[in-house]
Amino acid sequence: MTQVNAVRKLEEKTEIRTTTQAVWEAMADFGNAATWAPGMRSSSLKGDKKTGVGTHRIMRHAWGFRIEEIVTEWTTGTGYAFKLVKAPFPMCEVYETWVLRPSESGALLTIVVTYGMRLGLLGSLLDTVLVRFVVAREMRLGICGLKRHLEKMFAQP
């Protein structure tokens with residue numbers, strides 16, 4: 001049996017200068033993330049489900065690998081959680097939560113990623129020197145991409 005180390009948790013927040021409704025509409029279009037996520041070449045839904053728990057998307061990263069995610073929680077207007085179908089080795093049990101709240105300047109979006117690492121001590125070392133930095137970078141790219149996309153779309157002249 002493969003040993004899994006403790007769960008890691010990374011968080012990223014940003015204020016988006018538009019309405020929470022506008023941010024939610026972009027988030028709720030779960031299969032269309034490539035429109036605003038700079039690291040994604042393509043994204044689409046798998047199956048007939050378009051919203052809610054069980055919605056399944058497939059994305060192709062700019063580096064060429066495939067990502068599959070399935071929604072595990074969905075609260076219309078405020079956020080959702082999803083899991084990666086197959087985490088990149090040596091990661092395991094990767095979950096992401098997106099929470100949207102009103103703020104003074106528009107909307108506050110918080111993303112939390114939790115994951116485990118296989119390989120015991122070696123996995124911990126890989127996490128320390130590489131994995132957490134790659135995950136944090138991808139989180140920042142995604143949240144900043146959504147922010148830029150929406151603020152450009154809803155910019156006041």
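Both Phe30 and Phe82 are buried, where buried means under 20% relative accessible area, exposed over 50% and partly exposed in between, for a 1.4 Å probe and protein chains only. The model is predicted, so local features need pLDDT of at least 70 and side-chain atom pairs count only at pLDDT 80 or more, while totals for chains, interfaces and linings use all residues. Residues are numbered from 1 along each chain as its sequence is written, and side-chain values use heavy atoms, with hydrogens and water left out.

The structure holds nine aromatic pairs. The rings of Phe30 and Phe82 form an edge-to-face pair, because their centres are 5.5 Å apart and their planes lie at 70°; rings of Phe, Tyr and Trp (its six-membered ring) pair if their centres lie within 6.5 Å, and planes under 30 degrees apart count as stacked, over 60 as edge-to-face and the rest as tilted. Since Phe30 lies in the loop between α1 (20-28) and β2 (40-46), and Phe82 in strand β5 (residues 79-84), the pair ties together parts that are 52 residues apart in sequence. Helices (H or I, at least four residues) and strands (E, at least two) are DSSP runs, numbered from the N terminus. Ring pairs also join Phe30 and Phe82 with Trp24, Trp36, Trp74, Tyr80 and Trp98 in a cluster.

Arg57 meets both rings of this pair: its charged end sits over the ring of Phe30, 3.7 Å from the centre, and over the ring of Phe82, 5.1 Å from the centre. A charge sits over a ring if NZ of Lys or CZ of Arg is within 6 Å of the ring centre and within 35 degrees of the ring normal.

Tyr80, a member of the cluster, lies in strand β5 and is buried, with a relative accessible area of 4%. Tyr80 and Met27 are 53 residues apart in sequence, and their C-alpha atoms are 8.9 Å apart in space. Both residues are among those with the most contacts inside the largest nonpolar core, which has 37 residues; such a core is a set of buried Ala, Val, Leu, Ile, Met, Phe, Trp, Tyr and Cys residues joined through side-chain atoms within 4.5 Å. At least two residues of this core come from each of β1 (8-16), α1, β4, β5, β6, β7 and α2, and α2 gives the most, with seven residues.
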